[in-house]
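Thank you all for making time this morning.

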Amino acid sequence: MGASEMARPFLKWAGGKTALLPQLLDAAPGQIDTYYEPFLGGGALFFALQAEGRFERAVLSDSNKELINAYRQVRDNVDGLIRALQVHQRKYRAAEDRAEYYYKIRAKRLTCSLGGAANLIFMNKTGYNGLYRVNSKGRFNVPHGRYENPTICDEASLLAASEALQGVKLVFGDFSSAPRRADVGDFVYFDPPYVPLSDTSNFTSYTAGAFSGPEQKRLALTAAGLVRRGVNVALSNSGHPDIVALYSAADFELTSVDAPRLINSDSAARGSISEHLIRERQEVIFRPRVTSFTQADTRTRTFSRRHPLLGRRRTATTSPALPIQPRSLWRASKR
Ligand SMILES: C[S@@+](CC[C@H](N)C(=O)[O-])C[C@H]1O[C@@H](n2cnc3c(N)ncnc32)[C@H](O)[C@@H]1O
């Protein structure tokens with residue numbers, strides 16, 4: 001897959017990870033077979049890893065099907081999409097009442113088609129703060145934004161994103177589906193809707209259904225299951241005490257990586273939300289502890305222990321053909 005220097009998110013997205021890229025790139029392995037990003041949103045880490053040529057293959061997924069449609073149109077039909085966005089840009093700029101034009105587009109149902117993708121990107125660039133929010137019937141309900149002269153059709157950015165997406169698998173579905181096939185050598189980055197630190201926070205309203213406590217627990221179980229299979233996993237979330245307790249119980253390590261929140265409808269509430277990066281604790285992984293390649297054990301070993309979150313006792317057998325690098329060695333190999 002060819003590296004594309006300019007590729008970056010073509011959508012603004014609540015919880016976008018651009019501000020945290022240095023820490024996330026540092027946490028990601030230097031070489032990845034298949035990269036999975038199951039809460040895709042704007043895909044900031046995907047584009048950054050792609051620019052560095054860090055993975056062989058990528059599988060990107062999200063439970064927002066109109067969002068996945070937009071990515072597919074960028075990948076497969078970028079010229080048509082650019083033409084449709086140029087039409088929006090011309091009409092919007094010429095409109096006497098821009099809000100009226102926005103609401104006319106918003107009244108149309110977002111379909112999984114070229115036109116649907118163009119409408120979604122148009123509303124992302126001209127709607128309030130680039131938010132994606134739907135009502136109880138699943139209809140997009142973000143009000144018109146306050147931008148003076150928004151760029152609706154950023155041709156260079158769309159072309160670069162299209163090139164970066166060539167050969168990438170784009171899947172509509174729940175976060176647990178796509179990474180089911182992940183294996184040793186793969187890396188999964190989960191960036192779910194966060195547990196809000198305060199009751200007034202509304203960062204959970206990304207799709208029609210809220211991502212509440214049971215969903216957060218299901219995610220922690222999914223992540224723990226992947227770690228047990230030898231898959232590299234990283235997650236982001238807030239530093240809410242429930243999140244700290246959930247992942248600490250599952251033997252994950254949490255590191256505070258505070259960054260400013262860029263999208264928040266209440267400007268007084270902008271600022272730090274106590275971002276945490278969550279990684280598996282090295283000692284609990286079912287792998288031989290290898291301190292260097294030369295000391296790699298040549299025998300097959302069987303490990304058995306009770307997982308703190310899954311509760312069940314499981315046995316895992318390691319293959320001598322696949323010695324896993326300890327984290328300190330990945331770091332060294334990245335430089
Ligand atoms: C915090 S955003 C991801 C931000 C992204 N990392 C970025 O850089 O822009 C969370 C995403 O999770 C998606 N989502 C919510 N619930 C989901 C689920 N159960 N399975 C998969 N995706 C889900 C939302 O549609 C949203 O796009």
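**A walk through the model**

A210 is exposed, because 12 other C-beta atoms lie within 10 Å of its own; the cut-offs here call a residue buried at 20 or more other C-beta atoms within 10 Å, exposed at 12 or fewer, and partly exposed in between, with C-beta atoms placed from the backbone. Before I go further, please keep in mind that this is a predicted model, in which local features need pLDDT of at least 70 and side-chain atom pairs count only at pLDDT 80 or more, whereas totals for chains, interfaces and linings use all residues. Residues are numbered from 1 along each chain as its sequence is written.

A210 sits in the loop between β4 (187-190) and α8 (213-228), where helices (H or I, at least four residues) and strands (E, at least two) are DSSP runs numbered from the N terminus. The C-alpha atom of A210 is separated by 8.7 Å from that of P193, and these two residues are 17 residues apart along the chain.

Let me now step back to the whole chain. The protein chain has 10 helices and 9 strands, and of its 335 residues 36% count as buried. If we take contacts with a separation of 6 or more, residues 24 or more positions apart account for 69% of them, a contact being two residues whose C-beta atoms, placed from the backbone, lie within 7 Å.

In what order do the strands of the open sheet run? There are 7 strands in this sheet, in the order β3-β2-β1-β4-β5-β7-β6, and the pairing is mixed; two strands are said to pair if DSSP finds at least two bridges between them. Strands of a sheet pair through backbone hydrogen bonds, either parallel or antiparallel. The edges are formed by β3 (169-172) and β6 (252-256), each of which pairs on one side only, and the twist from one strand to the next averages 20°.

Looking at individual pairs, strand β1 (residues 32-37) and strand β2 (residues 55-62) run parallel and are joined by 5 bridges, with V59 of β2 as the bridge partner of Y36. Further along the sheet, β5 and β7 pair in the antiparallel sense over 5 bridges, and there S238 stands opposite E275 in β7. The pairing of β6 with β7 is likewise antiparallel over 5 bridges, with L254 opposite I278 in β7.

Now for the helices that lie across these strands. Helix α9 (residues 241-249) lies across β5 (232-238), β6 and β7 (275-280), and runs at about 145° to β6; axes are lines fitted to C-alpha atoms, for helices over the stretch in contact, and angles run from 0 to 180 degrees between N-to-C directions. Helix α3, for its part, lies across β2 and β3, running at about 160° to β3.

How do α3 and α6 cross? The axes of α3 (residues 65-76) and α6 (residues 114-126) come within 9 Å and cross at roughly 105°, which means that α3 is roughly perpendicular to α6, on a scale where angles under 35 degrees count as roughly parallel, over 145 as roughly antiparallel, 65 to 115 as roughly perpendicular and the rest as oblique. On the α3 side the contact is made by E66, N69, A70 and Q73, and on the α6 side by L114, G116, A117, L120 and I121. By class, this contact has 5 nonpolar, 3 polar and 1 charged residues, where Ala, Val, Leu, Ile, Met, Phe, Trp, Tyr, Cys and Pro count as nonpolar, Asp, Glu, Lys and Arg as charged, and the others, Gly among them, as polar.

S162, in helix α7 (residues 155-165), is buried, because 22 other C-beta atoms lie within 10 Å. Leaving aside residues up to four places away in sequence, S162 touches V74, R75 and V78, and its C-alpha atom is separated by 5.2 Å from that of V74, 88 residues apart along the chain.

Two loop residues other than glycine have a positive phi: N129, near 55°, in the loop between α6 and α7, and D251, near 65°, in the loop between α9 and β6. N129 is partly exposed, with 16 other C-beta atoms within 10 Å, and D251 is also partly exposed, with 17.
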